Amino acid sequence: MEKAAGMDKSERNGSMGMKGKRSPFLLILAAVLVVEFVACNFSAWKSLFYKDRVVFENVEIGGGTAIEGSPGEYWVEEGILTLHISEVSREVHNLFFAFDFSENEPVYYTVTLTDEGNYYPYSLPERVLMPGNRKSYSTNLYPSGKVGEIAVQFAVPAGSVVTVNGICANARIPFAFSIGRALFMLGAALLLYRAFWKEGRQKEAELCTGSGRQWAIIGVVLLLLIGMSWKLAHVNPVCVTSPWPHHKQYQELAEAMAEGNVALGFEPSEGLLNAPNPYDTIYLQANGIDYRADYAYYEGKYYVYFGVVPELLLYLPCYLLTGHHIPNYMAVFLFYSGFILAVFALYWEIVKRWFTKVPFFAYLAVGALTVCGGNYLFIIARPDLYDTPIMAANMFTVAGLWLWIRGKYALSAKGRRAWYFLGSLCMALVAGCRPQMLLFSFLAIPLFWKEVMETRELFGKKNLGDTLCICLPYVLTAAGVMLYNGARFSSPFDFGATYSLTSNDMTKRGFNLHQAMLGLWHYFLRPPVVESGFPYLQGVQIESGAYMGKLNAEYTYGGLLAGNAFLWILLCMGKVKDQLKGKGLYALALVSAAVSVVLGLVDVTGAGILQRYMVDMIWGIWFGAVLVWFAMMEKASSKGWLRPLMICLAAVCLLQAVYGFGIIFGNGDLSVNVRGSNPELYYYLEGLLRF
């Protein structure tokens, strides 16, 4: 009886525990549904109470020619259709345009009106009507009292046909339930709940134990992140089709190498051969001289100056095996996927070796934050030729660091040497991707300081095999890269970037302190520019300002330190200085961040200020921040203030999500952006966030 009673009590406690676990989720789910149905459909709720619904009859249409036999159809020859409604004399809360369009392109329109507070007409901000997106067919209005008259001007494709079925005021807006929007809010709410969760109830979940359950969760997270990257690689269809001739360089190099050549099979124009300075492309354009933009031109031949490693790993094998070319977006996706795997492997190694008290949830969050950092999202959302070697270099850098750490703590000499060799090989291959990122090899100094300077296990007589395994990959890779450079540019140390036929003469670039400081400001410290309208983050074109010289610059979405909330933890490095020193990681964090700054100087001096160049330097400063985050979490776990830090991490996740969203859908790049190449998606999301 006592045993049965004990079992009943245990079952009751278990049942109560399960209810306790389920009830917060149900409450969160209910709250999300309320927000989705009420707040996100606010315009629909308001429209239920509009009493004076009317379909205007006295509509004057201009700019279009009525098509005989087709009532309401107008041929718009010059691309401007105007509508004018006089004597409205009523309150107007919204307008609904019952139109059909022959072309599936965005239609920009402007509403102009008069009301009781404004005798003279005034224009409202430009809006967009996206054929197929019914929500975009209506717009809310906020006039001052009753409206006197309304005029609307539509910009449609010239020569298209517009069917005007009617214009309605105070229309009833349909309710719209968005699964994606609801899931995002649910995820954000669960993230915050997990951060606020009482520490005493999550002891088992806190540690990275390596259990089967945790590996399964890691596997699911990795699949989700790789799936996300595949979707993002298609968010700009123009990058998938890649219609630009100069973006075929890796494919053209594959064809040349298949025939045993390193020079491309293009003959330069006579004008280019005889030009006084073939690298002054403004002169070439002004004199009508034909040239291939962004190719390396040297001694009468065209070359590809982008790193050769992506060519040897993907482009050339694909061409030799299939006879077809791998597209650039696919190469970027594959390197980005490798980067995701390397990041999670590296962080797991760091947590298991040095920060055993870091919560498993924090490990997942920091890993996801890294690969979803706004600057990395910029690359995968615009996967083109330029991003291929950059992403490959990031993948090899992270993988090399992970393999070095594995070797450092390997139990057997054979295993240690294998890890060292593979790690150095990855690090050395960076030279064949993005040569300036080879500076991250200097992380070996603080990482192996003890083995070199104290125990003499490396670069001493004790373990020559270990030293050889670290150095040999660099020697072999350097030999291959130097031979390739010498075959192209007559020097083993010349990678050819200075011979690029780009917007400025790169053979004449040099160091300038004013330019360097301007570059560091934009790369690291410039605050992001936030606006009230979608997509909320504004890409700002960089002006030379007080710099009295020619500045090669495009636009940025804010500096690394200013835009990425995750990096703000570096302000707390002093609080964990002793802890990091005790683990031998303080110098590693400092050197990593310092390499980022040096890379910033290298890029601004050698090329200029461009958003994608930030991905050269982001890893170093981000890795330093990761070490500080992990040290803070371990200290917080010992001191009993882990939960406030987890709340901060959850808030950082949300801030980074907003920043990343703004970068993906930002319009800083006037030639490649989602608004121009994928307007259906762009304006669909804009509609979801317009309540």
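Start by selecting Thr 370, which sits in helix 12. Setting aside neighbours within four places in sequence, Thr 370 touches Phe 339, Val 343, Tyr 347, Tyr 376, Trp 619, Trp 622 and Val 626. Here, contact means heavy atoms within 4.5 Å. Thr 370 counts as buried because its relative accessibility is 0%. The scale behind that word: buried is under 20% relative accessible area, exposed is over 50%, and partly exposed is in between, using a 1.4 Å probe and protein chains only.

A word on what you have open. This is a predicted model, in which local features need pLDDT of at least 70 and side-chain atom pairs count only at pLDDT 80 or more, while totals for chains, interfaces and linings use all residues. Residues are numbered from 1 along each chain as its sequence is written, and side-chain values use heavy atoms, leaving out hydrogens and water.

Phe 360 counts as buried because its relative accessibility is 6%. Tyr 363 is buried too, at 1% relative accessibility.

Next, color the aromatic rings: the whole structure holds 48 aromatic pairs. The ring centres of Phe 360 and Tyr 363 are 6.1 Å apart and the planes are at 25 degrees, so this pair is stacked. Rings of Phe, Tyr and Trp (its six-membered ring) pair if their centres lie within 6.5 Å; planes under 30 degrees apart are stacked, over 60 edge-to-face, and the rest tilted.

For another arrangement, go to Tyr 555 and Tyr 557, both buried. Their ring centres are 5.6 Å apart with planes at 85 degrees, so the pair is edge-to-face. Then select Phe 266, Tyr 279, Tyr 295, Tyr 297, Tyr 298, Tyr 302, Tyr 303, Phe 489 and Tyr 499, which ring pairs link into a cluster.

**Two pairs of helices**

Select helix 11 (residues 328-354) and helix 13 (residues 374-381): their axes come within 9 Å and cross at roughly 150 degrees. Axes are lines fitted to C-alpha atoms, for helices over the stretch in contact, and angles run from 0 to 180 degrees between N-to-C directions. Helices (H or I, at least four residues) and strands (E, at least two) are DSSP runs, numbered from the N terminus. Helix 11 and helix 13 are therefore roughly antiparallel. The labels go like this: under 35 degrees is roughly parallel, over 145 roughly antiparallel, 65 to 115 roughly perpendicular, and the rest oblique.

Show the side chains where they meet: Val 332, Phe 333, Tyr 336 and Phe 339 come from helix 11, and Tyr 376, Leu 377, Ile 379 and Ile 380 from helix 13. That contact has eight nonpolar residues, no polar and no charged. Ala, Val, Leu, Ile, Met, Phe, Trp, Tyr, Cys and Pro count as nonpolar; Asp, Glu, Lys and Arg as charged; the others, Gly among them, as polar.

Now jump to helix 23 and helix 24 (residues 642-665), which pack at about 150 degrees with axes 8 Å apart. Helix 23 and helix 24 are therefore roughly antiparallel. Among the residues making the contact are Trp 622 and Trp 629 of helix 23 and Leu 642 and Leu 645 of helix 24. This contact divides into 10 nonpolar residues, two polar and no charged.

While in helix 23 (residues 614-639), click Glu 634. Is Glu 634 buried or exposed? Glu 634 is buried, with a relative accessible area of 10%. Beyond its neighbours within four places in sequence, its contacts include Trp 354, Gln 579 and Lys 583.

**Out to the surface, then zoom out**

Go to Leu 183 in helix 3 (residues 179-196). Leu 183 counts as exposed because its relative accessibility is 55%.

Of its 691 residues, 51% are buried. Finally, color by pLDDT, the predictor's confidence in each residue, from 0 to 100. The chain averages 88, and 94% of residues score at least 70. Look at residues 1-21, where pLDDT stays under 50 and the model has zero contacts beyond four places in sequence. Residues 199-205 also stay under 50, with 11 such contacts. Where pLDDT is low, the predicted coordinates should not be read in detail.
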